[in-house]
Amino acid sequence: MNHLDRLTPSHGLSLSPTRKTDKNIEEEPASGLQATHVSLVEASRETEATNTEPANAKKALKEVGSIYGGLSQVQREDQTIYQALITPVLSFFNHHLSMGPQKALSIQEKSALLDRLFEKMLAVLTSLEVPNQPSLFLIYAHHNFACGQAKAEVARYLITKLSQLRVQLYSDQSPMAKPYSVWRDNPRKDAQLEDILTSQLCLLPTQLRSEVKPVDKVVVCCSEVLANYLNWPTYADFYLALQQAYLVDALEKGNRHLRRVVNAFSQQDGFHHVLTEIAFLRIRAEELGDQHGIIPVALTPDSYQPCLSHFIAATTVRIEDFARLTQQAQAGQLIYLHQGRHAVMLKLIARLFATSEEAKTALFTFWHKYCDFIEELKQTSAVPTALELPHIKSNPR
């Protein structure tokens, strides 16, 4: 359980300490904690950011002060870190309170400020020593416009940001699969197929190769494209063949039977490597039960159901912020450019850093300040730009 599952509706986000299904959402660092503070102040000057005094800014200062004041004696032992975590944000609010009304900001400028704040948060989290970080595999479908939206750029963004946090991250970033028959006479292509399958073996609950250990967590980026792929008429037969091959390979401590199955089915039209990964996840979930470690992230609306509901319980915590915030933006609500991506990242970090009290305290503080900053930006006068209403055609006059 973590604090990043509950948030007020006004922010378009939600934080909740329970493990019930949450509706989560969407988008896109710096060295030294002191440099972080300086950079945030410089960011506001660079864009000539101006605000009337935000209604909730003083309240926010008190809230953060109470969070810090409520730390246990054990947590207070490292005063330097916690002060460094909180001071840049408090200083940022103080700076804006003291500047008074100035030039109005465009939506693009506000989004840039929000991005800067998020990157500084990420930089601080990167500097923390987090013990027992889990290994992670991220699954997503590549772009295929004939099959709908994949939002693969968001998945690659998550890979990039998680890599900055030095998470032990694995992912199949190979291009969309070609039939195995095309590769038969090309040893390099044959080796590519073998390498892809080797990397996918870590999704299974049992270690089949000495150099490939099962990962602790799996992030599945659900999308229209992935859902479309799962409609492959041969998928049910493919899964059953993999399931039987896995049982034999688990006894033999090898993977040759799985390879034979993948090699055979990859010759058929409609095969994609991501289908092997989803089949492996089903085997994983059936064997591990509630301890499967699968984290669904919806990149397109209503994509969780067709992608994972056939083997993942509906009560599994899933992150749907990106898809939800995208819908809100399309409906004309004010959502900043990368707000959905930021929300997904913060919630993923909360799940990955669950063993670190230091990281959890930092995340809780950052989450509140991030939301307060969004409210502050909304109260600042805005200069209309083309970016502000991207889904509304401009007046032809």
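1. Lysine 253 occupies the loop that joins helix H10 (235-252) to helix H11 (256-265); helices (H or I, at least four residues) and strands (E, at least two) are DSSP runs, numbered from the N terminus. Its phi is near 55 degrees, a positive value in a residue other than glycine. Lysine 253 is exposed, with a relative accessible area of 57% (buried means under 20% relative accessible area, exposed over 50%, partly exposed in between, with a 1.4 Å probe and protein chains only).

2. This is a predicted model, in which local features need pLDDT of at least 70 and side-chain atom pairs count only at pLDDT 80 or more, while totals for chains, interfaces and linings use all residues. Residues are numbered from 1 along each chain as its sequence is written, and side-chain values use heavy atoms, with hydrogens and water left out.

3. Asparagine 132, in the loop between helix H5 (107-127) and strand E2 (136-139), also has a positive phi, of about 55 degrees, although it is not a glycine. Asparagine 132 counts as exposed at 66% relative accessibility. Most residues other than glycine have a negative phi.

4. Leucine 165 is in contact (heavy atoms within 4.5 Å) with residues including Leu122, Gln133, Met345 and Phe353, not counting residues up to four places away in sequence.
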